[in-house]
Amino acid sequence: MENDYEKWAPEYEPNEFEDDDKMMHIKEVVDSLNYIQKKIWLTYVEKQTYAGTAREFGVCVPTVKKYLKHIRQIIYDRL
């Protein structure tokens, strides 16, 4: 999992040359998450399911849902 994350995580970093202002702001908010929150969030974005994310971290689906709900709230508050 670590290798996969390190491989695709840079795609989600802010890029002032390719992103418009809205996308830059969203990426900056995601980038401001702590390492674990960012890793969970971006894994969910890549896997697109709670089950896939749960498998990556070796936890149950309700645990992933709980963490993602908390992370979503942080993102919404910072937007």
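Guide: Axes are lines fitted to C-alpha atoms, for helices over the stretch in contact, and angles run from 0 to 180 degrees between N-to-C directions. Two packed helices are described by the angle between their axes and the distance between the axes. The model shown here is predicted. In it, the axes of helix α4 (residues 50–57) and helix α5 (residues 61–78) approach within 9 Å, crossing at roughly 105 degrees. Angles of 65 to 115 degrees count as roughly perpendicular, so α4 is roughly perpendicular to α5.

Visitor: Which residues of α4 and α5 make the contact?

Guide: From α4 come Tyr50, Ala51, Thr53 and Ala54, and from α5 come Val61, Val64, Lys65, Leu68 and Arg72. Six of the contact residues are nonpolar, one is polar and two are charged.

Visitor: At what angle do α3 and α5 cross?

Guide: The axes of helix α3 (residues 35–47) and α5 cross at roughly 105 degrees and come within 10 Å. That angle makes α3 roughly perpendicular to α5. Gln37, Ile40, Trp41 and Tyr44 of α3 meet α5 residues including Tyr67, Leu68 and Arg72.

Visitor: Which residues make the nonpolar surface patch?

Guide: Met23, Ile26, Tyr76 and Leu79 form this patch of about 400 Å². Leu79 lies in the segment after α5.

Key. Residues numbered from 1 in each chain as written. Predicted model: local features only at pLDDT ≥ 70, side-chain atom pairs only at ≥ 80, totals over all residues. Heavy atoms only, no water. Helix = DSSP H or I, 4+ residues; strand = E, 2+ residues; numbered from the N terminus. Parallel < 35°, antiparallel > 145°, perpendicular 65-115°, else oblique. Contact = heavy atoms within 4.5 Å. Nonpolar A, V, L, I, M, F, W, Y, C, P; charged D, E, K, R; others polar. Patch = residues over 30% accessible without salt bridge, like charges linked within 9 Å, V, L, I, M, F, W, Y side chains within 5 Å. Areas by Shrake-Rupley, 256 points an atom, 1.4 Å probe, with all protein chains shown as cover. Salt bridge = Lys/Arg side-chain N within 4 Å of Asp/Glu carboxyl O.
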